[in-house]
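Open the structure in your viewer and keep the selection tool ready.

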Amino acid sequence: MARVGPVSISDFGRHLGISAAVVHNRGGFHDATRAAFPHLDVLIAYRLLFGIYSGIVPDGIADLVVEDIDWAGDSTVLLSYIKRRTAAESLNLPRRAVRLLEQWLAHSALLRTFVPSEERRMLWVGVSRAGGSRRVRQIDRVAVQRWALRHAVVGNDGKPLKIHRSRIRTTHEAMRDKTSWTGSGRATIDPNHNPDIEGDHYLTATTPAQQHAVETVIEDAQHDMLRRADPPTVITEEDAAALAEDYPHLVAELNLDDAVITELVGGQRDVFTAACGDQLSGLHGPKGKPCPARPWVCLLCPLAVFAPRHAGNLLRLKAFFSRQWQQMPAAHFMAVFGPYTTRVQQVVDRFDPAVLATAALQVEDLGHELPLRPEEMTA
C-alpha cells in the first residue's frame with residue numbers, strides 16, 4: 001500500500017487479480033486506508049477545529065500552504081495567510097492550534113509523498129473517501145452540512161446544526177481566556193467588522209421589545225455619563241441646616257430629609273471613601289441590598305458626600321492609585337482607574353490644607369489600609 005499510494009478498491013483488486021467485491025467482503029481495506037490516508041470527513045473536522053482554535057477566516061485556512069508555516073520553536077508558530085477581503089496577514093498561533101497543526105502534518109505526511117509536486121505544498125491534502133484514490137480539490141458548504149448530518153452534529157434545539165464557517169472566528173473570540181485579557185472598550189463581536197457593520201448586523205432591533213431594550217440601555221448609559229459630569233459634593237464640618245442651605249440641588253436630587261442630612265453630616269452613613277446618601281439604592285447592585293461597589297467607585301457616585309473626616313481614606317486611595325500606576329501598563333491603568341484618579345484630586349483640592357496635612361500623618365501607603373480583594377493588593 002505504501003509503495004503504490006492511495007488506490008481504489010477496484011484498482012487494489014485488479015492489482016491482486018481478484019474482484020472488487022472480494023476485496024470489500026474480506027474487509028480490512030477500508031480500515032487500512034482510513035488509518036493511512038486522511039479522507040474528506042477527517043479533513044473537514046481538522047479545518048473546522050483549526051478555525052476555532054486559531055480564529056483565521058475560512059478562505060485564509062483553505063489556501064494555506066506548507067511554506068506559510070514558520071516554526072519559531074517547538075511550540076511557537078507564526079502562520080501567514082491571505083485574507084481575501086484585505087491582504088496578507090500573519091498570526092502567532094495559540095498552543096492548541098499549534099498542536100493540532102503538528103497532528104495534521106503527521107497524519108497527512110504519507111499521502112503527501114504520493115501527490116504530484118504541485119499539490120504537495122498544499123497544507124490540506126486528502127482523499128474524497130476512505131478506500132478511494134480521488135483527492136479532495138475543494139470543500140464547499142454542502143459538503144460541510146452533509147458532514148454535520150453524518151456525524152449527528154446538533155444544536156441546542158436538538159436539530160442538525162447549520163455550520164457557518166464565516167462565524168467560526170466569532171466562536172474563537174468567545175472561547176478566549178479572559179482571565180488575563182481585558183479587551184478594548186471598542187471591541188466588536190467579530191474582529192472582521194468595523195463598529196458600523198457590527199451595529200447593522202448584530203445590534204439592529206427587529207421587534208418593539210428589542211427596540212425598547214436597546215433604547216433603555218442607551219438612556220442608562222447617557223444618564224450615567226451625565227451623573228459622572230456633576231462636580232463632587234464636598235461639605236465642611238457644619239450642621240445639617242447649613243448643608244440644606246448650601247446644597248439645595250443635592251437635597252432635591254436625592255430626596256433627603258432632615259434626618260438623613262443629620263446622618264450624613266454626623267457620620268452614621270459613612271462608607272470607606274465618603275458618606276452615602278442611600279446604600280440600598282441599587283445604583284451599583286441589586287436594589288434593596290447593600291451597595292457592592294469597590295471603594296473608588298464612590299468617587300464618581302452621585303450619592304457620595306465627602307467631608308473632611310474622609311481625607312485620610314481619600315489620601316490612602318491616592319496612594320493606592322500611585323502603586324497601581326507603577327505596576328500596570330499605562331493604557332490599562334487609564335481604562336480602569338483613570339476617571340477615579342482625576343476625581344479624587346478634585347475632591348482633595350477642596351479640603352483645607354491643614355486638614356490634609358493632619359490626615360497625611362496617618363497614611364502608611366500600604367495595601368492593608370484599604371478594603372481590597374487579594375487580587376487588588378499592591379506592594
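This is a predicted model. Begin with R294, which sits in the loop between β5 (275-276) and β6 (304-306). Is R294 buried or exposed? Its relative accessible area is 17%, so R294 is buried, the cut-off being under 20%.

Now show what surrounds R294. Leaving aside neighbours within four places in sequence, R294 is in contact with P371, L372, R373 and E376. Two of these can be looked at in detail. The R294 side chain reaches the backbone oxygen of P371 at 3.0 Å. With E376, the link is between side chains: a polar contact of 2.8 Å.

Next, select strand β2, residues 77-82. Which of its side chains point to the buried face? V77, L79 and Y81 point to one face and are buried.

For the last stop, select helix α4 (residues 40-54) together with helix α8 (residues 141-150). Their axes come within 10 Å and cross at roughly 100°, which means that α4 is roughly perpendicular to α8. To see where the helices meet, show D41, I44, A45 and L48 in α4, and A143, V144, W147 and R150 in α8. The residues of this contact comprise six nonpolar and two charged, with no polar ones.

Terms used
Residues numbered from 1 in each chain as written. Predicted model: local features only at pLDDT ≥ 70, side-chain atom pairs only at ≥ 80, totals over all residues. Heavy atoms only, no water. Axes fitted to C-alpha atoms, helices over the stretch in contact; angles between N-to-C directions. Helix = DSSP H or I, 4+ residues; strand = E, 2+ residues; numbered from the N terminus. Parallel < 35°, antiparallel > 145°, perpendicular 65-115°, else oblique. Contact = heavy atoms within 4.5 Å. Nonpolar A, V, L, I, M, F, W, Y, C, P; charged D, E, K, R; others polar. Buried < 20%, exposed > 50% of the residue type's maximum accessible area, 1.4 Å probe, protein only. Polar contact = N/O pair within 3.5 Å; in protein donor to acceptor, adjacent residues only side chain to side chain.
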